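Subject: A structure for you to look at

Hi there,

I am handing over the structure we talked about, with some notes on what turned up in it. Please open it first and keep it beside you as you read.

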Amino acid sequence: YAAAMLSKFTNKPALLSFATSMTAATDSLETAQGAYAASVLALVFPRVGVRYNDFISDNVVRALQRRAELFDDKTAGPTASFLFPEGVTPIIRPVGQTQVDAMLKLEGKLDALASWPEAAAEKAKLTTAREAYATALQDRGTAMLASAGLRAKHNTTKKNFLNIYTTI
């Protein structure tokens with residue numbers, strides 16, 4: 001509004017200059033706001049990816065525990081106890097990099113389990129789930145950094161807009 005009003009005073013070059021500056025600052029601010037808003041919306045997909053891979057990884061770990069128990073033919077047999085001395089909760093309860101790290105340790109335990117013929121196949125399933133989870137975490141982190149950068153640019157542009165607006 002202010003830029004439009006100032007542009008009406010064609011006989012006052014100083015006011016026309018302010019109008020031009022305000023219009024440019026407004027356009028920059030609108031562009032920065034749009035880019036930041038789009039980046040926030042774009043965060044939805046990487047966040048869903050992390051949540052989905054957490055769910056899949058939890059199910060892979062639970063299935064691994066069940067197969068180990070079936071091999072032992074009992075709940076607290078030697079194979080299941082070796083893989084999950086405290087149950088699956090310490091592995092599936094954390095979310096994010098902590099769970100990925102716990103899954104990596106579980107892969108190491110599977111490597112050490114020569115007595116279980118299915119250990120290599122189970123490790124392959126676990127590794128696939130862990131790698132997908134790690135990729136989802138990395139994608140989310142990248143998207144969050146991009147969004148943070150656009151927010152900083154928006155804030156700088158807004159500050160510049162306010163400085164121009166208050167100089168009149």
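In this predicted model, helix H6 passes helix H7 in a left-handed crossing. H6 and H7 (residues 119-166) pack at an angle of about 160°, and their axes lie 10 Å apart. Angles over 145 degrees count as roughly antiparallel, so H6 and H7 are roughly antiparallel to each other.

Which residues of H6 meet H7? On the H6 side they are Gln 97, Gln 99, Val 100, Met 103, Leu 104, Leu 106, Glu 107, Leu 110 and Asp 111. Facing them in H7 are Ala 119, Glu 122, Lys 123, Leu 126, Thr 127, Ala 129, Arg 130, Tyr 133, Ala 134 and Leu 137. Sorted by class, this contact of H6 with H7 has 11 nonpolar, three polar and five charged residues.

H6 (residues 97-111) also packs with helix H3 (residues 44-72), here at an angle of about 30° and with the axes 12 Å apart. Angles under 35 degrees count as roughly parallel, and H3 and H6 are therefore roughly parallel to each other. The crossing of H3 and H6 is left-handed. Asp 54, Ser 57, Asp 58, Val 61 and Leu 64 come from H3, and they meet Gln 99, Met 103, Leu 106 and Leu 110 in H6. That contact of H3 with H6 divides into five nonpolar, two polar and two charged residues.

Next, have a look at the largest pocket, which has a volume of about 200 Å³. What lines the largest pocket? You will find Leu 83, Pro 85, Glu 86, Gly 87, Pro 90, Ile 91, Thr 98, Asp 101, Ala 102, Lys 105, Leu 106 and Lys 109 there. Helix H5 (89-92) and H6 are the elements that give two or more residues to the lining. H6 gives the most, with six residues. By class, the lining of the largest pocket has six nonpolar, two polar and four charged residues.

Val 40, Leu 41 and Ala 42 of H2 make the contact with Val 44, Phe 45 and Pro 46 of H3. The residues of this contact are six nonpolar, no polar and no charged.

Happy exploring, and do write back with any questions!

Best wishes

Technical notes: Residues are numbered from 1 along each chain as its sequence is written. This is a predicted model: local features need pLDDT of at least 70, side-chain atom pairs count only at pLDDT 80 or more; totals for chains, interfaces and linings use all residues. Side-chain values use heavy atoms; hydrogens and water are left out. Axes are lines fitted to C-alpha atoms, for helices over the stretch in contact, and angles run from 0 to 180 degrees between N-to-C directions. Helices (H or I, at least four residues) and strands (E, at least two) are DSSP runs, numbered from the N terminus. Angles under 35 degrees count as roughly parallel, over 145 as roughly antiparallel, 65 to 115 as roughly perpendicular and the rest as oblique. A crossing is left-handed if the near helix is turned anticlockwise from the far one by less than a right angle, and right-handed if clockwise. Contact means heavy atoms within 4.5 Å. Ala, Val, Leu, Ile, Met, Phe, Trp, Tyr, Cys and Pro count as nonpolar, Asp, Glu, Lys and Arg as charged, and the others, Gly among them, as polar. On a 1 Å grid over the protein atoms alone, a cavity is a set of points where a 1.4 Å probe fits but cannot get out, and a pocket is an open set with protein on both sides within 12 Å along at least five of seven lines; lining residues have an atom within 4 Å of a point. Grid points are joined across faces, edges and corners, and a volume is the space filled by probe spheres set on the points.
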